[in-house]
Amino acid sequence: MSSPSEDYTPFRGLHALAIRGLHALAFRGLHVLAFRGLHALAFRGLHVLAFKGLHALAIRGLHILAFRGLHVLAFRGLNILAFKGLHILTFRGLHALAFKGLHILALRRLHTLAFRGLHVLALKGLHVLAFRGLHAVTFRELHALAFVGLHALTFKGLHVLAFRGLHALAFRGLHVLAFKGRHTLAFIGLHALAFIGLHICAFRELKVLRP
């Protein structure tokens with residue numbers, strides 16, 4: 001005879017037990033357990049657990065966990081985490097993060113970042129930055145910048161600048177400048193200037209003036 005506080009019932013593969021708040025059952029691959037807020041279940045590769053706000057599940061490579069605002073998922077190389085506005089994802093070389101307006105992504109050689117108007121990209125020697133009207137690009141020997149009417153570029157000895165009517169260029173001994181109607185040129189001993197109808201040219205010892 002079994003006591004009221006303890007029961008054990010075999011029935012064609014069924015096993016059940018209850019004692020002092022503990023409840024357990026096993027039947028043809030199904031296993032269930034409950035004890036003081038803890039609940040667990042296992043059945044043919046499925047595993048489930050719940051305990052004081054913690055919930056976990058595992059089945060065929062899929063793993064899920066939830067606990068007080070924390071959520072985690074893992075499945076065949078995919079990993080996801082979410083916690084109080086923070087989101088993280090990884091999958092076969094892809095890494096992504098989002099947190100309070102900050103977004104970061106990395107995939108092989110590609111890296112991107114975005115945060116409150118700031119955008120950054122890096123890919124195989126290419127770097128791009130954009131922030132409140134400022135734009136900058138670098139790629140191997142090319143460097144370019146644009147900011148509130150200012151434009152600048154450098155590439156293999158070539159330098160170019162433009163800013164509010166001022167234009168300047170320098171390339172292998174050649175220098176050219178233009179500003180408010182004034183134009184100057186210098187190249188290997190040759191110097192030239194043009195300004196409101198006045199033209200001046202100097203080359204070594206030769207000087208020419210055309211009013």
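V32 lies in strand β4 (residues 30–35), where strands are DSSP runs of E of at least two residues, helices are runs of H or I of at least four, and both are numbered from the N terminus. The model is predicted: local features need pLDDT of at least 70, side-chain atom pairs count only at pLDDT 80 or more, and totals for chains, interfaces and linings use all residues. Residues are numbered from 1 along each chain as its sequence is written, and side-chain values use heavy atoms, with hydrogens and water left out.

**V32 and its surroundings**

- V32 counts as partly exposed because its relative accessibility is 31%; buried means under 20% relative accessible area, exposed over 50%, and partly exposed in between, with a 1.4 Å probe and protein chains only.
- Apart from neighbours within four places in sequence, V32 is in contact with H23, A24, L25, A40 and L41, a contact being heavy atoms within 4.5 Å.
- From C-alpha to C-alpha, V32 and A42 are 6.5 Å apart in space, while in sequence they are ten residues apart.

- Six antiparallel bridges pair strand β2 (residues 14–19) with strand β3 (residues 22–27); strands pair if DSSP finds at least two bridges between them.
- In this pairing, H15 stands opposite A26 of β3.
- The hairpin of β2 and β3 has two residues between the strands, and R20 takes a positive phi near 50° there.
- β3 also pairs with β4 in the antiparallel sense, over six bridges, and H23 stands opposite A34 in β4.
- Two residues separate β3 and β4 in their hairpin, and R28 in the turn has a positive phi of about 50°.

**Positive phi in other loops**

- Most residues other than glycine have a negative phi.
- R92, which is not a glycine, has a positive phi of about 45°.
- R92 sits in the loop between β11 (86–91) and β12 (94–99), and R92 counts as exposed because its relative accessibility is 69%.
- K156 is another residue other than glycine with a positive phi, near 45°.
- The loop between β19 (150–155) and β20 (158–163) holds K156, which counts as exposed at 51% relative accessibility.

**The chain as a whole**

- The protein chain has zero helices and 26 strands.
- Of its 211 residues, 6% are buried.
- Among contacts between residues at least 6 apart in sequence, 0% join residues at least 24 apart.
- The chain exposes about 15,900 Å², of which carbon and sulfur atoms supply 69%; accessible areas come from the Shrake-Rupley method with a 1.4 Å probe, and for residues only the protein chains shown count as cover.

**Strand β21**

- F171 is in strand β21 (residues 166–171).
- With a relative accessible area of 31%, F171 is partly exposed.

**Confidence**

- The mean pLDDT of the chain is 85, and 83% of its residues reach 70 or more; pLDDT is the predictor's confidence in each residue, from 0 to 100.
- Over residues 1–6 the pLDDT is below 50, and this stretch has five contacts in the model beyond near neighbours in sequence.
- Over residues 205–211 the pLDDT stays under 50, and the model has 14 contacts for them beyond four places in sequence.
- Where pLDDT is low, the predicted coordinates should not be read in detail.
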